[in-house]
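This report looks at a protein model in plain terms.

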Amino acid sequence: MNKEILIGSHVSMSGPEYYLGSVKEAISYGSTTFMFYTGAPQNSFRKPTSELRIAEARELIKQSGFDESKIIVHAPYIINIGNSQNSELYEISKRNLAQELRRVKDFGLSILVLHPGSHVKTGIENGLNSIINALNEIFENDGTDVKIALETMAGKGSELGANFNEIKSIIDGVNKKERIGVCLDTCHISDEGVDVSKVDDVLDEFDKIIGLDKLLCIHINDSKNPRESHKDRHENIGYGYVGFETINNFVHNPRLSNIPKILETPYVNGKAPYKKEIEMLKNSTFIENWRDNL
Ligand code: FE
Ligand code: FE
Ligand code: ZN
């Protein structure tokens, strides 16, 4: 028997069902895990978690056999802890991030994916230090044990964390090592310049620089652009430059069997592609022109 793979997608969380709706959506795609934002990704206005139907959702999570330790929350992407010279945004970002960690805890979850930040013309060194100082301050005071998974970025603009060495230097500066990990995004690392086609070589490199024990989540996206384009535009599985075979090799690599794999591929004509993409990846079989029959 094939052990069930840990795979799911980004799902929405909106009224009236909120988190209960997120779980139902994940189930409808045949997922074994999922990821969501606790509010709109582009702002930090957040409904109190008491209104998000968490208790009912957790009941359904239990009934459906999801492992809560593998369900992922993504932090709002307006948070930028990479530029302490913009002190207003830096302080707001730290406050929002600490708030988000407490919200993750309210959901009964333990992993928050975070874009490390952008240095915005202040230089890589200042940027990395800004991130390290913010994380240390937050981990000292937020009162949770929720982990932050720093996402590997495509290197668009002044994004930090666009290579394994930058991620590693952030981790080195964090005092509470048990609270920091990494989310590897296949579209982003390809766009940054990694040859993703040899999956074991990528994992060896990751292991050598960061340590595979730090890997908490994988975003499995195809890319609209060739390697080293620094664009960050996700594509549906099998339609981009990463390709079905490589993504399938990530999904089924035995070294990654315990790592949640999350699709963040684009909707097709207003329809979620995830049921189809998950089915193809579960079966390791690409269906030619699958988007035409969604
Ligand atoms: Fe992300
Ligand atoms: Fe991602
Ligand atoms: Zn992306």
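Why does H219 count as buried? The model is a predicted one, and in it H219 has a relative accessible area of 0%. A residue is called buried when this value is under 20%, so H219 is buried.

For comparison, ideal angles are 109.5 degrees for four tetrahedral donors.

The iron ion (ligand 2) lies 3.4 Å from the iron ion (ligand 1), and E151 coordinates both. Distant parts of the chain are linked here: E151 belongs to strand β5 (residues 147–151) and H219 to strand β7 (residues 215–219), 68 residues apart. E151 has a relative accessibility of 1%, so E151 counts as buried.

## The zinc ion

Which residues coordinate the zinc ion (ligand 3)? The donors are H188 (NE2), D232 (OD) and H234 (NE2), at 2.0 to 2.3 Å. Their spacing along the chain is H-x43-D-x1-H. From the zinc ion (ligand 3) to the iron ion (ligand 1) the distance is 5.3 Å.

H188 and D232 also link distant parts of the chain. H188 sits in helix α6 (residues 186–192), while D232 sits in the loop between β8 (222–223) and β9 (234–235), 44 residues away. Both H188 and D232 are buried.

## Strands β1, β2 and β3

Strand β2 (residues 33–36) pairs with two other strands. Strand β1 (residues 7–10) runs parallel to β2 and is joined to it by three bridges; H10 has M35 of β2 as its bridge partner. From β1 the chain passes through helix α1 (residues 18–28) to β2, in a right-handed β-α-β crossover. Strand β3 (residues 72–74) is also parallel to β2, with two bridges between them. Here M35 stands opposite I72. A right-handed β-α-β unit is made by β2, helix α2 (residues 54–64) and β3.

In a regular strand, side chains alternate between the two faces of the sheet. In β2, T33 and M35 point one way, F34 and F36 point the other way, and all are buried.

## Helix α1

Is α1 mostly covered or mostly uncovered? Eight of its eleven residues are buried, so the helix is mostly covered. Among the buried residues are Y18, Y19, L20 and E25. The elements that cover them include β1, β2 and α2. After α1 comes G30, which has a positive phi, near 75°.

Nonpolar side chains tend to be buried together in soluble globular proteins. The largest nonpolar core of this model has 77 residues, and Y19, F34, F36 and L135 touch the most other members. Helix α4 (residues 124–141) supplies the largest share, seven residues.

A second, separate core has nine residues, including V113, A149, C183 and C217.

Definitions and conventions:
Residues are numbered from 1 along each chain as its sequence is written. Chains are lettered from A and ligands numbered from 1 in the order in which they are written. This is a predicted model: local features need pLDDT of at least 70, side-chain atom pairs count only at pLDDT 80 or more; totals for chains, interfaces and linings use all residues. Side-chain values use heavy atoms; hydrogens and water are left out. A nonpolar core is a set of buried Ala, Val, Leu, Ile, Met, Phe, Trp, Tyr and Cys residues joined through side-chain atoms within 4.5 Å. Buried means under 20% relative accessible area, exposed over 50%, partly exposed in between (1.4 Å probe, protein chains only). Helices (H or I, at least four residues) and strands (E, at least two) are DSSP runs, numbered from the N terminus. Donors are N, O and S atoms within 2.8 Å of the metal (3.2 Å for Na, K and Ca); water is not among the atoms, so sites may look incomplete. Two strands pair if DSSP finds at least two bridges between them. A crossover is right-handed if, with the strands pointing away from the viewer, the path from the first strand over the helix to the second runs clockwise. Contact means heavy atoms within 4.5 Å.
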